Each structure stands twice: as C-alpha cells, then as structure tokens.
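Subject: Structure for your review

Dear colleague,

Please find the structure below for your review.

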Amino acid sequence: MASSRSYLEFILDQLSELDDITYITMMNEFILYYQGKVFGGIYDDRFLVKPTESAKKLMPHASYEIPYDGAKEMLLVDNVDSRQFLRELVEAMYPELPAPKKRKKKAD
C-alpha cells in the first residue's frame with residue numbers, strides 16, 4: 001500500500017514550526033529530512049522515525065515497525081496531533097542523526 005499525499009501534507013503541516021523540512025518521493029513513499037539529514041518518513045500512511053536514543057526516550061512505548069521489506073525497524077510516531085511534541089522530537093533527534101552521505105560524481 002502506498003502513502004497518500006494528503007497524509008504527507010498533514011504531517012508536513014504538523015512539522016511546519018521547524019525550518020528546513022524537506023522530502024523526497026521514493027516508490028510511492030516519502031522520506032523526510034530535517035536540515036539535510038534523514039530523520040524518518042511516511043510509509044503506508046504511518047509516520048516512522050529513526051530509533052535514536054532521543055526518540056526512544058521521548059516515546060518509550062512506541063512500537064517498532066518495518067517501513068518496507070528488508071528495511072531496518074523504525075519507531076511509529078502515534079502522537080502526530082501535537083505540533084509541539086513533533087518539533088521537540090525532531091529537534092532532539094537531529095544531533096544523533098548521521099550526516100548526509102556525499103554523492104559520488106559520475107565520471108565523464
């Protein structure tokens with residue numbers, strides 16, 4: 001099942017207090033970035049984030065879910081109605097997220 005654009009728009013609206021939230025579409029799902037770092041995504045209309053220490057601390061009872069076959073487990077964010085919580089979650093996670101991978105330039 002693919003994610004709906006309306007759910008993506010809802011989550012983006014909920015995250016609108018944060019500067020520099022972007023996304024890319026991949027196989028009818030949406031990967032979310034904060035200041036250039038991947039922190040989560042929308043998979044089958046579920047908002048999932050990387051299981052950083054901060055995320056686990058802020059959501060101690062969150063369930064681990066697999067976004068798609070073969071992927072690593074992520075945490076399900078079920079408190080999507082609180083903009084304040086989502087802002088705090090993403091800001092807390094940011095320092096723990098890996099730096100973006102540098103793309104290799106194609107040889108001519």
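In these notes, a patch is made of residues with over 30% relative accessible area and no salt bridge, where like charges are joined within 9 Å and nonpolar side chains (Val, Leu, Ile, Met, Phe, Trp, Tyr) within 5 Å. Accessible areas come from the Shrake-Rupley method with a 1.4 Å probe, and for residues only the protein chains shown count as cover.

The model is predicted: local features need pLDDT of at least 70, side-chain atom pairs count only at pLDDT 80 or more, and totals for chains, interfaces and linings use all residues. Residues are numbered from 1 along each chain as its sequence is written, and side-chain values use heavy atoms, with hydrogens and water left out.

Surface

A nonpolar surface patch consists of Ile24, Met26 and Met27, which together have about 310 Å² of accessible area. Ile24 belongs to strand S1 (residues 21-26); strands (E, at least two residues) and helices (H or I, at least four) are DSSP runs, numbered from the N terminus.

Largest pocket

The largest pocket holds about 780 Å³ of space. Its lining has 25 residues, of which Ile31, Val38, Tyr43, Lys50 and Tyr68 are the closest to the centre. A pocket here is an open set of points on a 1 Å grid over the protein atoms alone, where a 1.4 Å probe fits, with protein on both sides within 12 Å along at least five of seven lines; lining residues have an atom within 4 Å of a point. Grid points are joined across faces, edges and corners, and the volume is the space filled by probe spheres set on the points.

Strands S1, S2 (29-34) and S3 (37-43) each supply at least two residues of this lining, and S3 gives the largest share, four residues.

Salt bridges

The whole structure contains six salt bridges, each defined as a side-chain nitrogen of Lys or Arg within 4 Å of a carboxyl oxygen of Asp or Glu. One of them joins arginine 83 and aspartate 13 at 2.6 Å, N to O. This pair links distant parts of the chain, 70 residues apart: arginine 83 is in helix H3 (residues 83-93) and aspartate 13 in helix H1 (residues 5-14).

Within helix H2 (residues 53-58), glutamate 53 and lysine 56 lie three residues apart, about one turn of the helix; their closest N and O atoms are 3.0 Å apart. In helix H3, glutamate 91 and arginine 87 are four residues apart and form a salt bridge at 3.9 Å. Glu17, Arg87 and Glu91 are linked in a salt-bridge network.

Yours sincerely
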